[in-house]
Amino acid sequence: MNTSETLADLVAAEDVLLFVNAAITATGQREFRSDAVGQRLSLDFLHAYVRVNYRRVYASSLALDINDHNAVRIVLGLLETAGEASAEERRTEGRLIAARLALLPPQRVYRLFGEVRRAGINNRRTRAIMRDWLAARPDLGHDAVKYRGGVKTAARHIHLRCPEGAEPLAEVGAFLFRPGRLPRYEHRLLDAWRRAHYEQGAVAELPFTVAEGFAARHGMKREVFLKRAAPRMTRLERLRTHSVTQRPETDLTVMPLTRLALYVLSLPFEQRAARRTELTGALRTAARRAAGGHAGSWGRVHAVLDDSFSSSGSGQKRRRPLAVALAGHHLLEALAAPGAYRGLWTSGRGDALLVRPWGPTPLGMRVLDALEPGPGGTAPDRLVIVSDGWDNAPAGLAGEVLRVWRKRLDPGRRTAVVHVNPVYDADGFDVRRLAAGVPTAGIRDAEDLPALVEIARFAEGRTGAAELHAYLDRRVALFLGEKETVS
C-alpha cells in the first residue's frame, strides 16, 4: 500500500469516528457552550457528508449505540436517498432500519413517519417497513389512543386497509377515521376514550398522557387524578409527577443507570443525604447490571470525573454531563477489580452522592493525582476521564501531562488512557479532545462505556479503515442476528 492510500484510509477512519462521536452525543439541543442552531447546522453537515461519502458506514451506524435523535435522522436520510444505493445496499439498509425501529420509542417512530409523509417518501420499500412495524405493535388500539395523530398519519400514508366489522383493525379504523359511527368499542381503551368525554370514572383507565387532558376538562383536582392514575403510570411518569417532598412509588433499582443518576441529581442535598443508603444502593445495583459480564475485569481503575460548572449542561439538557459522570463513577467501580477503584472529582469532593456543578475544570491536576502509583507502587491499569474536555485551570495542562506521561514515563502503554466526552462541540464537528495521543469517544449514557472504550481505540491512529470497517461489520451482524428483520 502506498503512502497516499494509507493517508486516505486514515482520513476515512477519522471521518467515521467523527460522525460516530457526533451521533452518540449530539441531539441538536443547546449545550453549555453552543446554542441549538449551531448544533443543528453542525449535525446537518455531518449527516450529509457521511451519507454521500460513506453510505455503507452511515447505514451501519444504526447498529451502534447512537442516540435516538440521530438514529431517526439516519433512517430518514436513507429512505430519502434510496435511489443512490445499489440493490444490495437497499436490502441491507432495509434490515437495519427495521431492526432499529424496533428499538426506538414508539412516539419517535410515529414522528418519523410524519416526516416521511411530509417529505413525500412513498416507495414500496418504505411502505413495507412502515406496514411491518405497525403489524408488530403489541396493541395498535393502545397506540391509536396514545398516539392518535401518528397512527392516523402512518395509516393514511401506507393506505392501511381497515375493513368494516368488529375486527380489532376495523375498530381502530373506525376510531381514527369514522369517530362517532360506533355506539361502543370492544377494545377496552378505545371505549374508555369514548366514555371519558362524559364519564369522569373512565379517565383513570386511559394512558396517563391522554388522561391528563380529560382530567383538566372535567376539572379534577390534581392530587385526586394522580392517585387514580398511579397504577397505570410508567416509572418515569411517577418520577416526573411526584413532589420533591414525597418519594416516588417505584423501584429505583430497576431504572437505567444514567436515568437514575439524573433523578438523584434532581433531589435537594438534604434528601440525598437522608436517603443515602437507598440511593447509593440503587446506583450500585444499576451499575452492576450495566457492567454485566465485564464486572471486576478491568483491574486497577482510576477515574477523573468532571463536576465543574459546565457540567450543569443547558436548559434542555439539565445536569446531563454531571449525570454521566456520576453514573460512570459507579459503573467504573463495578468494572474495576474489588477494592481497586479510585474516583477523583475535579472539585476535590469525596462524596459522589452530593456532587453539584461548581467551579473551574482543573483536569490537569486531577490527572496528575490519578496517575500516581497506588499501594505497592503500581500504576493504574486504566485511566478513564469523563469530561467535556474544557481543561482551563490552567488551560491545556491535562493534555501536556498525558503527552509527557505517554512519551517519557509510559511508552509501553502499561496504563490504558481513554477520555469519554458527553458534550458535542458544534464548532469542531466532534467532541472536544484533551490531546492528540489520547483516544476520545463521545458518550451519552454511561451504560455504553465498555463498548465505547472499544471504539475509542480506533482514535489512536494505530488502526486504519480496514480494522474499523471489520468492527462495524461485526456489530451489524450481531445487531441483525438478534432481531426480526425486514428485507
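A: Happy to. Contact here means heavy atoms within 4.5 Å. The model is a predicted one, where local features need pLDDT of at least 70, side-chain atom pairs count only at pLDDT 80 or more, and totals for chains, interfaces and linings use all residues. Residues are numbered from 1 along each chain as its sequence is written, and side-chain values use heavy atoms, with hydrogens and water left out.

Let's start at Leu206. Not counting residues up to four places away in sequence, Leu206 touches Val145, Leu189, Ala192, Trp193, Ala196, Ala211, Phe214 and Arg232.

Ala196 sits in the loop between α11 (188-195) and α12 (208-218); helices (H or I, at least four residues) and strands (E, at least two) are DSSP runs, numbered from the N terminus. Ala196 counts as buried because its relative accessibility is 0%. Buried means under 20% relative accessible area, exposed over 50%, and partly exposed in between (1.4 Å probe, protein chains only). With neighbours within four places in sequence left aside, Ala196 is in contact with Ala202, Val203, Leu206, Phe214 and His218. The C-alpha atoms of Ala196 and Arg178, which are 18 residues apart along the chain, are separated by 18 Å.

A nonpolar core is a set of buried Ala, Val, Leu, Ile, Met, Phe, Trp, Tyr and Cys residues joined through side-chain atoms within 4.5 Å. The largest such core has 131 residues, and Leu206 is listed with Leu101, Phe225, Leu260 and Leu332 as having the most contacts inside it. Helix α18 (residues 320-335) gives this core its largest share, ten residues. There is also a second, separate core of 16 residues, which includes Val304, Ala370, Ile385 and Leu402.

Val304 leads us to Arg366. Arg366 lies in helix α19 (residues 363-371) and counts as buried, because its relative accessibility is 17%. Leaving aside neighbours within four places in sequence, Arg366 is in contact with Val304, Leu344, Trp345, Thr346, Ser347 and Gly348.

Now for the whole chain. The protein chain has 22 helices and seven strands, and 51% of its 487 residues count as buried. Among contacts between residues at least 6 apart in sequence, 67% join residues at least 24 apart. The C-alpha atoms fill a box of roughly 80 × 60 × 40 Å, taken along the principal axes.
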